[in-house]
Amino acid sequence: MHSCNICGNEIDFRTVRCPYCGNDQEIESMGHVRPEKKIFRLKTVNLEQGLPTVEQALNRLKNEISTARLEQITVLTLIHGYGSSGKGGIIRLECRKTLQYLLSGGEIEAVVFGEEFSHRQPSVKQLLRRFPELLRNPHLNNHNKGITLVVLLP
Ligand SMILES: [Zn+2]
């Protein structure tokens, strides 16, 4: 599994230009990785895929976080959709509740709601300084209520 460092969508590791966001990929030359700098890895997961029940979506959320941790993902982008009423709205609400719970237990490092993923937010500014790769993220400043970013690595 390999994902685009800009949008986090799954792409073939040989891909030079991402077909989703059109950005060029930086090739990780294995022999020249500086040990003091962690490789930034972004992954996007669509929790709405397959029209899950709320329970299925929450189980998937927990599984995806465990998997992403094993894959040493830095930032996991969750697509949970939104809706003022109905299942979509409940999945968004419940996913975010679960994430707050994981955050308070120290299992994840930070949670950024899509609508707050703006360079005006002080916490986001800090995040962008740590991970400048996020400056080119297609969701930045888009106030996308249907996504949540999860920072996994300290
Ligand atoms: Zn991309």
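1. A word on terms before anything else: buried means under 20% relative accessible area, exposed means over 50%, and partly exposed is in between, using a 1.4 Å probe and protein chains only. By that scale asparagine 141 is partly exposed, at 32% relative accessibility. Asparagine 141 sits in the loop between helix H3 (122-130) and strand S4 (147-151), where helices (H or I, at least four residues) and strands (E, at least two) are DSSP runs numbered from the N terminus. Its phi is positive, about 65°, although asparagine 141 is not a glycine.

2. Some housekeeping. This is a predicted model, in which local features need pLDDT of at least 70 and side-chain atom pairs count only at pLDDT 80 or more, while totals for chains, interfaces and linings use all residues. Residues are numbered from 1 along each chain as its sequence is written, and side-chain values use heavy atoms, with hydrogens and water left out.

3. Glutamine 72 belongs to the loop between H1 and S2 and is partly exposed, with 48% relative accessibility.

4. Now the sheet. There is an open sheet of 4 strands in the order S1-S2-S4-S3, and its pairing is mixed; two strands pair if DSSP finds at least two bridges between them. S1 and S3 are at the edges with a single partner strand each, so one side of each has no neighbour in the sheet. On average, neighbouring strands of this sheet are turned by 20° against each other, direction ignored. Angles here run from 0 to 180 degrees between N-to-C directions, and axes are lines fitted to C-alpha atoms, for helices over the stretch in contact.

5. What joins S2 to S4? The two run antiparallel and are joined by 5 bridges. In this pairing, leucine 78 stands opposite threonine 148 in S4. H1 lies across S1 and S2, and runs at about 160° to S1.

6. On to the packing. A nonpolar core is a set of buried Ala, Val, Leu, Ile, Met, Phe, Trp, Tyr and Cys residues joined through side-chain atoms within 4.5 Å. The largest one has 19 residues, and Leu61, Ile65, Leu76, Leu78, Leu99, Ile108 and Leu152 touch the most other members. At least two residues of this core come from each of helix H1 (54-70), strand S2 (75-79), helix H2 (86-104) and strand S3 (110-113). H1 gives the most, 5 residues. Apart from this core lies another, of 15 residues, with Ala110, Val124, Leu127 and Ile147 among them.

7. Contact means heavy atoms within 4.5 Å. Setting aside neighbours within four places in sequence, leucine 78 is in contact with Val45, Leu47, Leu61, Leu99, Gly146, Ile147, Thr148 and Val150.

8. Is cysteine 4 buried or exposed? Cysteine 4 is buried, with a relative accessible area of 0%, and lies in the segment before strand S1 (42-46). Neighbours within four places aside, its contacts are Asn9, Ile11, Cys18, Cys21, Gln25 and Leu42.

9. Salt bridges next: a side-chain nitrogen of Lys or Arg within 4 Å of a carboxyl oxygen of Asp or Glu. The count comes to 9. Arginine 17 pairs with aspartate 24, the closest N and O atoms being 2.8 Å apart. Arginine 17 is exposed, at 51% relative accessible area, whereas aspartate 24 is partly exposed, at 41%.

10. Glutamate 71 and lysine 43 form a salt bridge at 2.9 Å, N to O. Glutamate 71 is in the loop between H1 and S2 and lysine 43 is in strand S1, so the pair ties together parts that are 28 residues apart in sequence. Lysine 43 counts as buried at 8% relative accessibility, while glutamate 71 is partly exposed at 27%. Lys43, Arg60, Glu64 and Glu71 are linked in a network of salt bridges.

11. Lysine 97 and glutamate 94 form a salt bridge with closest N and O atoms 3.2 Å apart. Both residues lie in helix H2, 3 residues apart, about one turn of the helix. Glutamate 94 counts as partly exposed, at 22% relative accessibility.
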